[in-house]
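Dear colleague,

Please find below the structure I said I would pass on.

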Amino acid sequence: MRLTKFTDVALRVLMRLAVAENEDPPTTREVAATMQVPYTHAAKVVAKLQHLGLIEARRGRGGGLSLTGAGHSASIGELVRELEGPGDVVECEGATPCPLRSACRLRGALRRAEDAFYASLDPLTVTELVASPTGPLLIGISSTRPDTG
């Protein structure tokens with residue numbers, strides 16, 4: 001299974017914010033620069049994560065982004081499901097339906113593989129993703145914030 005770029009960026013933003021507890025809240029622009037993603041893409045991700053109640057965004061002086069309690073304890077499997085949306089790994093019924101669809105065993109096998117993929121992510125939380133060695137690496141990357149002037 002391949003995640004969309006949106007989901008990838010969302011997970012990285014959450015991980016970055018999970019290690020930002022003891023510093024000034026980073027802005028969307030700072031997080032985008034640190035995680036090496038375009039600002040516009042990061043802004044869309046931040047809006048979605050805020051809508052889901054996983055992050056809080058404060059504007060103005062002293063503002064920035066922070067992870068909520070729900071964000072810390074969010075199941076990675078549930079989050080990926082939400083961000084990826086419904087759908088099969090392969091499209092069997094699209095504009096040009098697959099001629100094998102009525103007797104295909106591949107579709108079921110891929111669905112079971114997808115279920116196993118999510119099941120392996122379900123018990124993981126954002127907090128667990130930033131345990132050592134990831135957390136210290138994120139802190140090191142974050143402490144060398146680029147000038148966002």
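This is a predicted model: local features need pLDDT of at least 70, side-chain atom pairs count only at pLDDT 80 or more; totals for chains, interfaces and linings use all residues.

Residues are numbered from 1 along each chain as its sequence is written, and side-chain values use heavy atoms, with hydrogens and water left out.

Salt bridges

The structure holds five salt bridges (a side-chain nitrogen of Lys or Arg within 4 Å of a carboxyl oxygen of Asp or Glu). One of them joins the side chains of Lys-48 and Glu-82, at 3.8 Å from N to O. Because Lys-48 lies in helix α3 (residues 39–51) and Glu-82 in helix α5 (residues 76–84), this pair ties together parts that are 34 residues apart in sequence; helices here are DSSP runs of H or I with at least four residues, strands are runs of E with at least two, and both are numbered from the N terminus. Lys-48 is partly exposed, with a relative accessible area of 27%, and Glu-82 is likewise partly exposed, at 43% (buried means under 20% relative accessible area, exposed over 50%, and partly exposed in between, with a 1.4 Å probe and protein chains only).

Asp-122 forms a salt bridge with Arg-81, the closest N and O atoms being 2.7 Å apart. Asp-122 sits in the loop between α6 (106–121) and α7 (126–129) and Arg-81 in helix α5, so the pair ties together parts that are 41 residues apart in sequence. A further salt bridge joins the side chains of Glu-56 and Arg-58, at 2.7 Å from N to O, and Lys-5, Asp-8 and Arg-12 are linked in a network of salt bridges.

The largest pocket

The largest pocket is lined by 14 residues, of which Thr-28, Ala-57, Arg-58, Arg-59 and Leu-65 lie nearest its centre. A pocket here is an open set of points on a 1 Å grid over the protein atoms alone, where a 1.4 Å probe fits and protein lies on both sides within 12 Å along at least five of seven lines, and lining residues have an atom within 4 Å of a point. The largest share of the lining, five residues, comes from α3.

With kind regards
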